[in-house]
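Biologist: I would like to learn how to read a model like this one. Please show it, and I will ask as we go.

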Amino acid sequence: MKKILFASTALVATAGVAAAELTIDGSARFGLAYQENADTAPSVNSDTRIEQRMRVNITGIAETDAGVKLEARFRLESNENANSGIAGRGPGAAGFAVSYGGLRVDVGNVSNVLDSSDQVDLYGYGVGLTAIVEQDDAFTGTIDPTVGFDAGGKAFTTVKVRYNVGDFSASLSYIDDKSTTVDANQYQLGLGYTLANGMSIGAVYSDTEAGASSVEHWVIGLNGTAGALGYSVIVADSDLTNFDTVFGASINYEVSSATAIQFAVSDGGLETDTAYGLGFTHGLGGGVTLAGGVGSNTSGNTVADLGVKFNF
């Protein structure tokens with residue numbers, strides 16, 4: 001992460017401001033990605049594509065003399081587009097945060113409780129360069145109750161409150177979407193607890209209301225480490241018709257200080273096929289990682305990728 005500290009005379013003289021800074025950080029990846037039968041989709045003309053993505057997050061931070069921390073952040077992004085094209089977007093809508101002690105409030109272009117994994121590690125250990133398989137694939141593949149921070153704009157504002165005290169934490173998020181003829185509201189509540197052995201357990205309840213309809217989801221998760229093994233497990237359900245209970249699990253096993261193997265599986269929901277995949281990561285030094293994987297998605301198609309990724 002690169003930090004740029006602004007400490008001009010005017011800033012230092014500003015009443016009630018103890019410190020201010022601007023941080024710039026991001027990530028990038030490029031390589032090859034394959035998806036069986038992708039060429040049957042209207043916007044894709046090849047099963048194999050060149051994967052390329054760069055993200056830059058710009059965050060302004062200030063802190064008052066009383067210790068109240070304020071943040072504002074937006075993102076720039078470049079990505080591959082349909083038909084092997086490339087495109088960029090941003091700066092997107094900004095997200096804001098105010099925190100003091102164990103309390104944090106996020107407003108704007110921010111993640112809701114599920115997407116931020118505050119209480120439940122929803123995504124787990126993704127397989128490959130681009131997370132071609134994740135443990136939540138069967139849960140979010142057909143209906144997605146997650147809303148996240150990204151490089152675009154939104155037709156609504158997300159408000160999220162999180163409170164930590166000791167090993168216990170609680171999160172609440174709310175979205176009011178008036179972009180359609182039917183006013184839609186989403187409420188999410190999450191609770192989490194960290195055990196003495198480092199294992200974490202949590203649960204999230206989500207309710208999306210649109211007019212007279214209401215769709216409820218819940219997710220229970222458990223994750224932790226045992227020596228060289230990292231693990232994550234989720235169980236999820238929904239009141240959607242024909243929605244089967246979702247089971248998802250993933251592991252990360254450190255073969256050495258530089259190399260690790262990942263495995264993920266996801267089954268249930270409204271999907272007809274079990275998603276599963278096996279991948280690896282190998283550190284090349286300097287924050288650069290070689291990553292790849294192969295698996296099968298919830299449509300029963302083979303997926304694979306290979307490339308490098310790095311943070312800055």
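Biologist: Does Asp-118 count as buried or exposed?

Modeller: Buried means under 20% relative accessible area, exposed over 50%, and partly exposed in between (1.4 Å probe, protein chains only). Asp-118 has a relative accessible area of 15%, so it is buried. Before going on: this is a predicted model, in which local features need pLDDT of at least 70 and side-chain atom pairs count only at pLDDT 80 or more, while totals for chains, interfaces and linings use all residues. Residues are numbered from 1 along each chain as its sequence is written, and side-chain values use heavy atoms, with hydrogens and water left out.

Biologist: Which residue forms a salt bridge with Asp-118?

Modeller: A salt bridge is a side-chain nitrogen of Lys or Arg within 4 Å of a carboxyl oxygen of Asp or Glu. For Asp-118 the partner is Arg-162, and the closest N and O atoms are 3.0 Å apart. Asp-118 sits in the loop between helix H2 (113–116) and helix H3 (137–140), and Arg-162 in strand S8 (residues 158–165), so the pair ties together parts that are 44 residues apart in sequence. Arg-162 is partly exposed, at 24% relative accessible area. Helices (H or I, at least four residues) and strands (E, at least two) are DSSP runs, numbered from the N terminus.

Biologist: How many salt bridges does the rule give?

Modeller: The count comes to 11. One of them joins the side chains of Arg-89 and Glu-77, at 3.7 Å from N to O. Arg-89 belongs to strand S5 (residues 86–89) and Glu-77 to strand S4 (residues 69–80), so this pair ties together parts 12 residues apart in sequence. Arg-89 is partly exposed at 42% relative accessibility, whereas Glu-77 is buried at 7%.

Biologist: Which residues are linked in a network of salt bridges?

Modeller: Arg-29, Arg-49, Glu-51 and Glu-80 are linked in this way. Within that group, the side chains of Glu-51 and Arg-49 meet at 2.8 Å, N to O. Glu-51 is buried, with 1% relative accessibility, and Arg-49 is partly exposed, with 30%.

Biologist: How many positive and negative side chains does the chain have?

Modeller: Lys and Arg count as positive, Asp and Glu as negative; His and the chain ends are not counted. The chain has 16 positive and 35 negative side chains. The centres of the two sets lie 11 Å apart, taking each charge at NZ of Lys, CZ of Arg, CG of Asp or CD of Glu.

Biologist: Now the backbone. Which residues are joined by a cis peptide bond?

Modeller: The bond joins Gly-90 and Pro-91, with omega at about 0°. Pro-91 is in the loop between S5 and strand S6 (95–100). Phi deserves a look too: Ser-117 has a positive value near 55°, although Ser-117 is a residue other than glycine. Ala-131 is not a glycine either, and its phi is positive, about 55°. Ser-117 is in the loop between H2 and H3, and Ala-131 has its place in the loop between H2 and H3 as well. Ser-117 is partly exposed at 23%, and Ala-131 is partly exposed at 27%.

Biologist: What does Ser-99 touch?

Modeller: Contact means heavy atoms within 4.5 Å. Leaving aside residues up to four places away in sequence, Ser-99 touches Gly-67, Val-68, Lys-69 and Arg-104. Ser-99 lies in strand S6 and is buried, with 15% relative accessibility. For the chain, residues 24 or more positions apart account for 48% of the contacts with a separation of 6 or more.

Biologist: What does the secondary structure of the chain come to?

Modeller: It comes to 3 helices and 18 strands. The radius of gyration is 21 Å, close to the 20 Å from the globule rule for 312 residues, so the chain is as compact as a globular protein of that length. That radius is taken over C-alpha atoms, and the rule is 2.2 Å times the number of residues to the power 0.38. Along its principal axes the C-alpha trace spans about 60 × 50 × 45 Å.

Biologist: What percentage of the 312 residues counts as buried?

Modeller: The buried part is 38% of the residues.
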